[in-house]
Amino acid sequence: MALSAAPSLALRRGAGKLAATCARSRSSLASQLIENMDKKATWDRFYTENNNNNNNGGGKMKNFEWFFGFDSVRDLIAPHLLRPAAAGPDEPARVLDAGCGTSALGPAIYAHSPRPVDVTCADISPVAVRLMREQVRAEAARPGNALSRLAFLELDCGELCRHFGPGSLDLVVDKGTTDALLRSKDGGGKAGRVLRQCLAALRGSGSLLQFSDEDPDARVPWLETEGRVAGAAAADVAVQEVGNLRGVHYYCYQVTPRVLKR
């Protein structure tokens with residue numbers, strides 16, 4: 001599947017884009033980006049400055065996308081939305097966009113899914129959450145199904161289970177969140193905790209989709225190791241290449257909880 005030429009950059013290039021945004025406003029944040037992408041304060045400042053730079057203090061907010069937009073991966077997400085929700089065939093599929101930022105991914109799932117979905121877009125930054133709520137309210141986003149719901153939530157994704165009960169989600173989408181944590185100075189432990197929290201919150205039939213530009217030789221062993229519980233594998237990992245954009249390969253890592261025998 002080929003990637004579209006949407007406004008997209010690899011995370012390492014995204015960090016440069018982030019730095020450029022801060023440099024335009026002469027922010028001290030620019031020199032701290034690479035080491036501190038796991039910090040709430042970093043993203044609060046970034047989304048504030050990015051919004052101000054893009055609309056000069058007024059007008060429509062411009063969504064900020066890591067890697068690529070919804071159109072590039074809709075065929076990978078769609079099968080997970082079409083299968084009946086584990087809670088019942090007439091129940092909405094519960095979807096989480098973990099670390100949503102100001103991406104249009106979650107709202108696009110809400111707008112394009114023909115079957116009912118209950119989409120929650122969660123981020124640690126209250127600034128990002130506020131901007132997304134304002135955008136959706138101003139544009140009166142319409143669902144693909146009349147029974148679908150869309151919500152934005154301020155939440156540390158390392159503490160998902162404080163909000164989502166065990167086995168309560170059908171799909172978790174992670175587009176760049178784990179990559180940002182892994183490439184931060186103190187983010188490695190947080191990335192592993194986010195993975196385990198996602199697995200705990202997923203139903204047995206659910207999946208975590210991680211979109212990343214990290215090579216499978218590095219990401220698959222990390223997922224298998226960090227996803228272990230009590231010495232046993234807690235999940236099965238599959239990988240599919242999404243495509244190539246400007247010389248960068250992107251992958252979709254599908255992580256499915258393994259039902260452990262007692």
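# Notes on a predicted fold

Colleague: Of contacts between residues at least 6 apart in sequence, what share joins residues at least 24 apart?
Modeller: The share is 76% for this protein. Contact means heavy atoms within 4.5 Å.

Colleague: What are the ground rules for the model?
Modeller: It is a predicted model, where local features need pLDDT of at least 70 and side-chain atom pairs count only at pLDDT 80 or more, while totals for chains, interfaces and linings use all residues. Residues are numbered from 1 along each chain as its sequence is written, and side-chain values use heavy atoms, with hydrogens and water left out.

Colleague: How many helices and strands does the protein have?
Modeller: There are 8 helices and 9 strands. These are DSSP runs numbered from the N terminus: helices are H or I with at least four residues, strands are E with at least two.

Colleague: And what percentage of the residues is buried?
Modeller: Of 262 residues, 52% count as buried. Buried is under 20% relative accessible area, exposed is over 50%, and partly exposed lies in between, with a 1.4 Å probe and protein chains only.

Colleague: On to the sheet. What is the strand order?
Modeller: The order is β3-β2-β1-β4-β5-β9-β8, in an open sheet of 7 strands with mixed pairing. Two strands pair if DSSP finds at least two bridges between them.

Colleague: Which strands stand at the edges?
Modeller: β3 (149–154) and β8 (235–245) do. Each has a single partner strand, so one side of each has no neighbour in the sheet. The twist from one strand to the next averages 15°.

Colleague: In which sense do β2 and β3 pair?
Modeller: Parallel, over 6 bridges, with β2 spanning residues 117–123. D123 has E154 in β3 as its bridge partner.

Colleague: Which strands does α4 touch?
Modeller: Helix α4 (105–112) packs on the sheet against β1 (93–98), β2, β3 and β4 (169–175). Its direction makes about 175° with that of β2. Axes here are lines fitted to C-alpha atoms, for helices over the stretch in contact, and angles run from 0 to 180 degrees between N-to-C directions. Helix α5 (126–139) also packs on the sheet, touching β2 and β3, at about 155° to β3.

Colleague: Why is α4 called largely enclosed?
Modeller: Because 6 of its 8 residues are buried. They are L105, G106, P107, A108, I109 and Y110. They pack against α3 (74–82), β1, β2, α5, β3 and β4.

Colleague: Switching to α7 and α8. At what angle do they cross?
Modeller: Roughly 65°, with the axes of α7 (188–201) and α8 (216–226) coming within 10 Å. That makes α7 roughly perpendicular to α8, a label for 65 to 115 degrees; under 35 is roughly parallel, over 145 roughly antiparallel, the rest oblique.

Colleague: Left-handed or right-handed?
Modeller: The crossing of α7 and α8 is right-handed.

Methods:
A crossing is left-handed if the near helix is turned anticlockwise from the far one by less than a right angle, and right-handed if clockwise.
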